[in-house]
Amino acid sequence: MIYYGVLLAAVTMFSFQFLFNGIFEKEYGNSLRAMFVFSAGSSLVGFLVLLVINGFNFEFTRFSALMAFFAALDSIGYTYFSLKALGRINLSLYSMFSMLGGMILPSIAGILFYNEELTLGKGICYVLLMLSLLLSSEKGEKKSGYIYYMGVFVLNGMSGVLSTIFQNAPYEKTSAAGYSMLIALTALVICLMMIFSTCSFA
């Protein structure tokens, strides 16, 4: 039962993430600079919360840092595509693209690279999920934003793929909490560098 409780809590918090993304996009827009500000703020809060959860222990390995770098880039990219997509489609449609990507891509990666079994049930689920994605995409208000919808789909799915790679890699690595802290810290550093750079953002 405790695992179901944790899963329910995760789904609830994930839903609030969609809501806050939508509120931010409406208030501050979806430019690159807005995206970096949003990512920096969420990464800072995430890092501090994880630091407390991890008992103020900071863990580090070279492999974990490398994976955290790729995961941070994925997270920043996901935030950018999310803000862009929310300017074109409603919250429910955006949520569907995001959640389906998070379900389908890690599952496919498990089958292709980690010897997970492809069952008839999984095959039927893939077909139904992709069918629902295609049918729902027609409801978008602006078809010119299709690349942003697919960006949300792919990048949220890649988050799960990267986590799977990290978990199954045979190299020395941190705990799950330590890895999440490294991701948040790396994303924060990248965003701050971009915010304070002399480049102009779209």
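This text walks through the fold of one protein chain, from the whole down to a single residue.

The model is predicted: local features need pLDDT of at least 70, side-chain atom pairs count only at pLDDT 80 or more, and totals for chains, interfaces and linings use all residues. Residues are numbered from 1 along each chain as its sequence is written, and side-chain values use heavy atoms, leaving out hydrogens and water.

Start with confidence. The score is pLDDT, the predictor's confidence in each residue, from 0 to 100. Its mean over the protein chain is 83, and 81% of the residues reach 70 or more. Confidence is lowest in helix α1 (residues 2-28), with a mean of 67. It is highest in helix α7 (residues 176-195), at 95.

Now the overall plan. The protein chain has 7 helices and 0 strands. Helices (H or I, at least four residues) and strands (E, at least two) are DSSP runs, numbered from the N terminus. Along the sequence the pattern reads α-α-α-α-α-α-α. Of the 202 residues, 40% are buried. Buried means under 20% relative accessible area, exposed means over 50%, and partly exposed lies in between (1.4 Å probe, protein chains only).

Next, look at helix α3 (residues 62-86) and helix α6 (residues 146-168). They pack at an angle of about 160°, with their axes 8 Å apart. Axes are lines fitted to C-alpha atoms, for helices over the stretch in contact, and angles run from 0 to 180 degrees between N-to-C directions. The angle makes α3 roughly antiparallel to α6. Angles over 145 degrees count as roughly antiparallel, under 35 as roughly parallel, 65 to 115 as roughly perpendicular, and the rest as oblique. The residues of this contact divide into 17 nonpolar, 6 polar and 2 charged. Ala, Val, Leu, Ile, Met, Phe, Trp, Tyr, Cys and Pro count as nonpolar, Asp, Glu, Lys and Arg as charged, and the others, Gly among them, as polar.

Helix α3 also packs with helix α2 (residues 32-53). Here the angle is about 125°, and the axes are 9 Å apart. The two helices are therefore oblique to each other. Leu32, Ala34, Met35, Phe36, Phe38 and Ser39 in α2 meet Ile76, Thr79, Tyr80 and Leu83 in α3. Contact means heavy atoms within 4.5 Å. By class, this contact has 8 nonpolar, 2 polar and no charged residues.

Finally, find Val37, also in helix α2. The C-alpha atoms of Val37 and Ile195 are separated by 7.1 Å, though the two are 158 residues apart along the chain.
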